[in-house]
Amino acid sequence: MSTFRGLEMARQALSTQQSALYTTGHNISNANTPGYSRQRVNMQAMNAYPTPGMNSPHLPGQMGTGVEAGSVQRIRNQFLDTQFRSENASVGYWSQRTEALSRMENLLNEPSDSGIEAAMSDFWSALQTASTTPGENGGRAVILSRGEALADTFNHLSSSMNTIRTDLQTETENTINQANSMIENLKDINSQIKKLETHGYTANDLYDRRDNILDELSEIVNIDVSYNKDHIPGGKQGDGVAIVNIIVADGEPVNIVNGVTGETQQIDDPVYTEINGMKVFESINVGDVDITSSRGTIQSYVHASGYAEGEGENAVAKGDFPEMLEKLDNLAHAIVTSFNELHKEGDSGLPFFEELTDAQGAAGKMAVALKDRSDVNVSREGNSGDLARDLSNVFTSANEDLDGVSVNGYLESIIGEVGVDAKHAITMLDNTATLQHQVNNQRQSISAVSLDEEMTNMIKFQHAYNAAARGMTAMDELIDTIINRMGLVGR
């Protein structure tokens with residue numbers, strides 16, 4: 001072994017400890033960087049001397065030759081990443097579903113003094129009052145006014161819900177654009193990682209950027225991520241390039257990012273269809289595969305704003321808002337039909353509301369037909385008030401158009417179903433968010449930067465660096481003795 005080997009050993013020790021200090025500093029600098037995974041220098045002993053061979057010197061044993069930085073490893077657990085992304089898809093779904101149902105609840109605004117239940121109650125009270133004072137024109141004016149208020153309430157609910165449906169469809173399109181942007185970013189990062197790994201480098205910071213994008217994408221659609229390392233030279237470490245598939249409920253996963261070939265597939269713009277005058281989702285495709293069954297934000301928007309179930313003439317509109325609009329239409333149609341049928345038995349023989357041919361869009365079309373209070377009928381003959389009493393019973397009596405349920409009972413069931421659905425969505429969001437939080441805490445316990453730990457490491461590496469420097473000084477003194485002092489005796 002060379003006389004100068006001790007200096008080289010000390011130099012390598014200094015270099016290795018310095019690399020560890022640099023990495024520790026990098027960790028501390030990124031302690032608050034979202035998605036950053038702490039890094040660690042894996043130190044390893046260098047090959048001992050001598051190596052086996054025919055001409056190797058005969059020594060009692062091999063001598064160590066120092067230390068080297070084998071690799072800079074990113075501390076990450078891919079199994080926990082997979083768990084997190086699976087739960088993240090559910091959180092994305094239930095989060096948006098909860099928000100949509102909350103908007104529906106706020107719109108119905110029940111119980112309150114300004115909701116549809118209050119409007120129906122005021123209309124009923126006006127009819128009851130008129131039945132006891134049938135000769136007063138004031139009672140007829142109140143009935144006309146309260147009827148207009150009820151029609152306006154139905155119109156407002158129908159218009160507002162259709163506006164929310166349109167907003168949700170726009171949000172779906174925006175979310176698809178975001179997902180496509182992420183797909184392109186993943187393609188670019190995969191390309192950079194492949195170039196670095198091919199030359200033996202470990203792209204730790206690029207891995208973090210890629211994982212952050214994958215986490216965001218997993219909230220939009222349910223994804224499966226695998227890695228290919230065929231391009232990495234032997235003996236070198238690396239995560240490899242990512243292959244990303246969208247998991248659909250009723251078929252094979254569809255590939256959107258292929259890190260091996262560099263190919264990607266974008267999510268196409270939504271395909272819409274019209275059912276009973278209502279624009280709903282027909283499909284959202286990647287290639288030839290419909291991905292609306294993939295858990296995530298996109299599916300939540302589809303389920304809330306409306307989608308087509310069935311094909312051709314058998315297709316029906318399903319979803320939170322379409323089904324609510326259908327129920328409101330049925331309720332409005334039942335009120336208009338039953339009320340008009342009785343009202344025409346009075347003196348004027350006129351319908352109170354504008355006639356409706358069917359229930360389709362009835363809530364949005366509901367309007368009072370009468371313009372003059374004198375045309376409001378409260379009695380069949382004379383001033384008995386019998387017709388007003390019968391008209392008020394429209395809200396409490398069984399209605400054939402509502403399958404034998406009264407108008408009031410039907411409305412209560414609507415409001416109750418919305419409350420149950422909203423409560424279920426909140427419960428599911430809490431459950432999935434709790435699971436996601438637990439998995440994320442596990443990820444953070446492994447990957448997050450602990451400043452206390454990093455400060456301890458800094459002190460440890462600093463002491464090792466100082467010791468290596470002191471070793472170099474000692475070797476320098478030994479060599480100085482050999483070069484400058486040996487052989488001076490006797491001169």
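I began with strand β4 (residues 241-246), which is mostly covered: 6 of its 6 residues are buried. Buried here means under 20% relative accessible area, exposed over 50%, and partly exposed in between (1.4 Å probe, protein chains only). Strands are DSSP runs of E, at least two residues, and helices are runs of H or I, at least four, numbered from the N terminus.

The model is predicted: local features need pLDDT of at least 70, side-chain atom pairs count only at pLDDT 80 or more, and totals for chains, interfaces and linings use all residues. Residues are numbered from 1 along each chain as its sequence is written, and side-chain values use heavy atoms, with hydrogens and water left out.

I checked both sides of β4. Val241, Ile243 and Asn245 are buried on one side, and Ala242, Val244 and Ile246 are buried on the other.

I then looked up the pairing (at least two DSSP bridges between two strands). Strand β3 (residues 223-228) runs antiparallel to β4 over 6 bridges. Asp224 stands opposite Asn245 of β4. Strand β5 (residues 254-258) is also antiparallel to β4, joined by 4 bridges. There, Ile243 stands opposite Asn258.

**Asn399**

I found Asn399 in strand β13 (residues 398-399). Its relative accessibility is 5%, so Asn399 counts as buried. Its side chain makes a polar contact of 2.9 Å with the side chain of Ser338. A polar contact is a pair of N or O atoms within 3.5 Å; within protein, one must be able to donate a hydrogen and the other to accept it, and residues adjacent in sequence count only if both atoms are side-chain atoms. I also listed contacts (heavy atoms within 4.5 Å). Beyond four places in sequence, Asn399 meets Ala334, Ser338, Gly404, Val405, Ser406 and Val407.

**Gly306**

Gly306 sits in the loop between α6 (297-305) and β11 (307-309). Gly306 counts as buried because its relative accessibility is 0%. I compared its position with Met278: 28 residues apart in sequence, 8.9 Å apart in space, C-alpha to C-alpha. Not counting residues up to four places away in sequence, Gly306 touches Val280, Phe281, Tyr301, Lys318, Gly319 and Pro322.

**Phe4**

Last, I went to the segment before α1 (5-29), where Phe4 lies. At 49% relative accessibility, Phe4 counts as partly exposed.
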